[in-house]
Amino acid sequence: MSVKIGEIPYKERIQNGIKDDFMRQAVSSAQGRFRNGRLTQAEALGNWEDWRQLGSEIRAHTMENLDFYLHQLSEQVARRGGNVFFAQTAEEANEYVKNIIKNKEAKKVVKAKSMVTEEIGLNNALEEAGAEVVESDLGEWILQLDEDPPSHIVTPALHKNKQQIRETFSKKKGYQGSDTPEELAAFAREQLRQDFLAADVGITGCNFAIAESGSITLVTNEGNAEMVTSLPDTVITVMGMERIVPTWEEMEVLVSLLTRAAVGQKLTSYITAITGAKGPEEVDGPEEFHLVVVDNGRSKILGTEFQSALHCIRCAACINACPVYRHIGGHAYNSIYPGPIGAVITPLLEGYDDHKELPYASTLCAACTEACPVKIPLHEHLVRHRQIIVEREKKAPMAEKLMMKGFEQWSSHPSLYNLSAKLAKPALGPWVKDEEIENGPGPLKEWTDVRNFSVPQGQSFRDWFKQRQKDGESNGNKES
Amino acid sequence: MVSQMAIKNREAFLDKLAATLGRERRIEGVERPEWSVTPQYEVFKDKTQDQLVEILAEHCRVIHTDFKRTDRKGLVSVLQETIDEFAGKSIIMSNDTRHEEYGINEFFKAAEDRLDVHVWNPALGKKNQEIAESADVGLVFSDVTLAESGTVTLFNHKDNGRSISLLPKTFIAIIPKSTLVARMTQAAAHIHNMQEQGEDVPSYVSFITGPSNSADIEMNLIVGVHGPVKATYIVVD
Amino acid sequence: MKVSLFSTCLSDILFADVAKNTLEILERLGCTVDYPMGQTCCGQPAYNSGYLKEAKQSMKQMMKAFQDSEYIVGPSGSCISMLKEYPHVFAGDPEWEQEAKTFASKCYEITEFLVDVLKVTDVGSTFKGKVTFHSSCHMKRLLGVKEQPKILLNNVEGVELVTLPNEEDCCGFGGTFAVKNAAISQEMVSEKSRHVSETEAEYLVGADMGCLMNIGGRMSREGKNVKIVHITEILNTH
């Protein structure tokens with residue numbers, strides 16, 4: 001897998017999303033709950049805007065000094081008995097991990113939920129190396145069994161209902177129980193417990209690496225990341241290079257923002273910081289620890305006007321606030337990173353060729369920007385993408401370009417504008433019935449396919465105003 | 001074998017980042033700036049220990065955790081009651097001097113015939129994990145307790161394995177009142193100071209907030225997924 | 001107080017009553033209002049579509065048209081928020097940067113101007129009916145004008161204001177989004193229409209004609225008879 005998840009064309013993906021009633025219902029109710037949770041937590045703090053400000057300052061400072069903090073991190077990890085590998089590409093990262101698996105002759109690998117390993121397609125590489133890979137986050141496990149990509153970065157199986165899950169469990173794992181979530185989860189617990197205990201290697205992502213001590217912070221509710229890092233003898237953490245903070249003090253602030261913004265919790269059930277390999281005489285934890293720091297296109301974002309997109313802490317608050325996501329679901333974005341943040345970073349990571357529609361899949365309502373706990377101006381980034389698509393990539397449709405050329409002339413020449421103000425209504429005349437158009441011509445068609453177009457009678461305001469002044473009713477206003 | 005403690009491909013990687021940032025590599029001399037706002041220090045700033053206990057108690061309801069409060073004298077009976085509620089027969093706990101201090105060793109000794117108690121012993125190696133996996137109850141002492149979020153912080157080490165709080169079916173945390181702080185800020189500052197003073201942070205620090213849970217199936221909250229399915233906190237005055 | 005009216009191109013050309021009502025409210029409250037004839041469009045259709053070069057031309061025209069104005073007031077949160085973006089758009093442009101800053105500092109959405117500048121919370125109007133208010137995204141999020149229209153509406157005699165469920169949601173207009181992503185837009189506006197119906201209000205009030213013609217057009221297509229009114233109409237009814 002890569003960032004891109006398939007080959008279905010954009011319009012078809014949108015239709016698939018819109019037609020999926022269960023998914024839309026599930027997304028809508030999840031969004032409502034997540035949003036309420038976030039707002040309740042924000043209100044409880046009372047000074048949420050200060051928290052967001054602090055979060056954004058921390059992220060900005062860290063990105064500005066990313067080389068310094070990654071250097072410090074790697075020194076500390078090594079000092080605490082860990083290995084660090086810097087991978088410029090997905091291939092380099094996968095190759096490194098594959099070699100560990102081969103050298104260890106590992107048969108079973110358990111993974112904790114990690115978006116970056118989805119991004120680089122690590123599971124395929126692990127299987128090529130001959131290991132069985134088990135995703136241990138409940139949602140990820142369901143998707144893995146069903147060979148389905150995630151549709152949300154926090155609750156990846158949001159689009160699946162319990163009947164589908166039961167069917168998957170029964171087909172792939174011989175499950176015979178009911179479709180109550182409790183029973184399904186208990187089955188997963190029992191199955192995965194055996195995998196944890198038998199695993200040779202554990203692989204995790206990373207919420208926040210702490211540069212000062214070389215620690216890796218993992219945030220979960222299920223406790224699976226704890227299993228993955230405590231039981232196998234070898235643990236590998238794969239992190240996107242931007243997932244780092246200077247010290248424990250900043251980690252704490254960002255975790256507080258993350259858990260509130262993501263799921264409306266003050267903290268999740270398990271927040272764990274692991275540092276290097278286990279110490280002398282320690283039983284739990286890895287004998288061998290590897291940290292893989294992945295670039296895979298991120299450095300193309302650094303130093304550009306999109307740099308703040310790297311501030312993202314993967315909380316999905318923007319996804320949960322997005323009305324477009326609500327109606328089309330995650331898969332419509334054709335990226336493992338859906339929603340507003342996905343529409344921003346997917347074209348940055350993989351280019352515009354396959355993802356040029358994404359920046360337009362937004363009304364620019366800015367609900368995302370408002371929700372973001374680290375103040376990434378997401379809707380502004382979408383506009384920036386559109387500028388690049390028009391100006392640099394030259395991928396805008398010809399009709400639109402002509403229209404915009406027309407706009408330029410019209411809006412910068414008051415004489416043309418005046419003329420249009422006079423002519424607009426008469427020109428629309430033939431289509432107007434009862435001050436409305438139901439079947440509009442040309443560019444109005446797409447509009448009137450969905451809704452009526454209102455055309456009240458009467459002259460333009462400027463003509464009325466001129467008349468009013470002429471008639472001397474303007475209470476002494478001077479002619480402009 | 002992959003060679004131990006290697007840092008690979010770093011220089012080219014970080015040089016490239018410095019170049020994209022349009023400057024020379026930074027290896028030293030970077031200080032955290034003074035942040036324009038620091039709201040984290042404002043939370044429950046003026047609360048007394050007793051008020052923090054109240055806040056903790058209140059939040060335990062949200063995190064599906066039973067809250068109990070007692071004093072040293074009452075501890076063993078509250079502990080007994082909690083173990084009974086969990087139908088606990090087998091218990092695993094850390095090797096911690098506080099067990100002696102709080103009379104817990106004595107209590108377990110007296111209950112030897114009813115309760116099978118294992119004290120974490122590094123000499124037994126992975127056997128400890130097996131015992132933890134089949135234990136009914138994992139018993140720990142909180143090192144730092146976060147009132148705001150209802151969180152027990154554990155500094156794991158050779159005598160206090162991570163498995164104790166993770167593998168057994170249920171989880172009991174004994175919380176000396178003195179370990180209560182307002183929120184994660186204070187715990188993080190403590191660890192940061194440790195690091196600054198050249199002390200190694202523990203290889204594993206757990207912030208545990210109630211039992212494990214998941215909402216991955218149709219957003220239904222299921223309490224008890226991979227970790228313990230039930231949790232009780234006992235605050236000791 | 002001297003005020004220059006920015007009608008917005010939409011109200012100028014299609015919905016003249018909105019601009020008339022704005023003008024009359026301002027005059028009634030003692031402002032001397034002029035209407036610079038050089039004004040055209042804020043530039044948002046081009047800017048939001050990624051046509052920066054084209055957008056800048058209309059923005060320059062706007063700055064020229066209003067260069068002598070003290071206050072620039074208009075009946076659209078969205079258009080005003082675009083005007084407020086000019087300093088950002090022209091940042092680093094030696095010729096226009098300062099001009100853009102000065103210009104932006106003079107711009108106000110009408111309800112914002114009434115409440116924050118004129119300090120008027122009751123315009124003395126009467127309007128009988130059950131109304132619900134759609135707060136437009138750009139007005140509340142980009143301009144930060146949230147409470148002002150509600151304060152004014154609540155003080156209109158005869159108005160019964162009911163909260164619109166999921167008020168924070170976008171109506172699905174989004175300028176060219178409505179035609180570029182018509183299928184998604186349809187779902188969004190249909191949802192908004194459902195929420196409006198749930199309130200059983202007779203009137204849907206808003207402060208942005210863009211949103212109102214989207215929601216109103218959809219509700220009309222669905223055969224619902226909720227009346228769509230711009231807030232200035234209510235504030236200018238005696």
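Predicted model: local features only at pLDDT ≥ 70, side-chain atom pairs only at ≥ 80, totals over all residues.
Chain B and chain C, by contrast, do not touch, and 19 Å lies between their nearest C-alpha atoms.

On the interface between chains A and B, 75 residues of chain B are in contact with 84 residues of chain A. The elements of chain B that give two or more residues to this side are strand S1 (7-8), helix H1 (10-20), helix H6 (127-134), helix H7 (163-166), helix H8 (184-196), strand S10 (204-208) and strand S11 (213-214). By residue type, the side of chain B that touches chain A divides into 33 nonpolar, 28 polar and 14 charged residues. Strand pairing also links the two chains, in that strand S1 of chain A (residues 82-87) pairs with S1(B) in the parallel sense over 2 bridges, and within this pairing Phe85(A) stands opposite Lys8(B).

On the interface between chains A and C, 61 residues of chain C are in contact with 56 residues of chain A. Helix H12 of chain C (residues 182-199) supplies the largest share of the side of chain C that touches chain A, namely 8 residues. That side of chain C is made up of 27 nonpolar, 21 polar and 13 charged residues. For chain C, an unreviewed UniProt entry lists residues 3-84 and 131-215 under "domain: Cysteine-rich". In the model, residues 3-84 of chain C are 55% helix and 11% strand, with end C-alpha atoms 17 Å apart, while residues 131-215 of chain C are 49% helix and 16% strand, with end C-alpha atoms 15 Å apart.

Within chain A, the domain assignment gives domain 1 (10-300) and domain 2 (398-470), and the centres of these two domains of chain A, taken over C-alpha atoms, are separated by 52 Å.

Strand S2 of chain A (residues 108-111) pairs with two further strands of chain A. With strand S3 (residues 132-135) of chain A, the pairing of S2(A) is parallel and runs over 4 bridges, whereas with strand S4 (residues 201-204) of chain A, the pairing of S2(A) is parallel over 3 bridges.

When neighbours within four places in sequence are left aside, the contacts of Val109(A) include Val133(A), Val134(A), Val201(A) and Ile203(A), together with Ile101(A), Leu126(A), Ala131(A), Glu132(A) and Ala199(A). In soluble globular proteins, nonpolar side chains tend to be buried together.

Elsewhere in chain A, 3 strands form an open sheet in the order S11-S12-S13, with antiparallel pairing. Strand S11 (432-433) and strand S13 (453-454) of chain A stand at the edges with a single partner strand each, so one side of each is left without a neighbour in the sheet. S11(A) pairs with strand S12 of chain A (residues 436-437) in the antiparallel sense over 2 bridges, and in this pairing Lys433(A) stands opposite Glu436(A).

Terms used:
Residues numbered from 1 in each chain as written. Chains lettered and ligands numbered in written order. Domains from an automatic or database assignment. Contact = placed C-beta atoms within 7 Å. Nonpolar A, V, L, I, M, F, W, Y, C, P; charged D, E, K, R; others polar. Pairing = 2+ DSSP bridges. UniProt positions renumbered as here; feature names shortened; annotations may be inferred.
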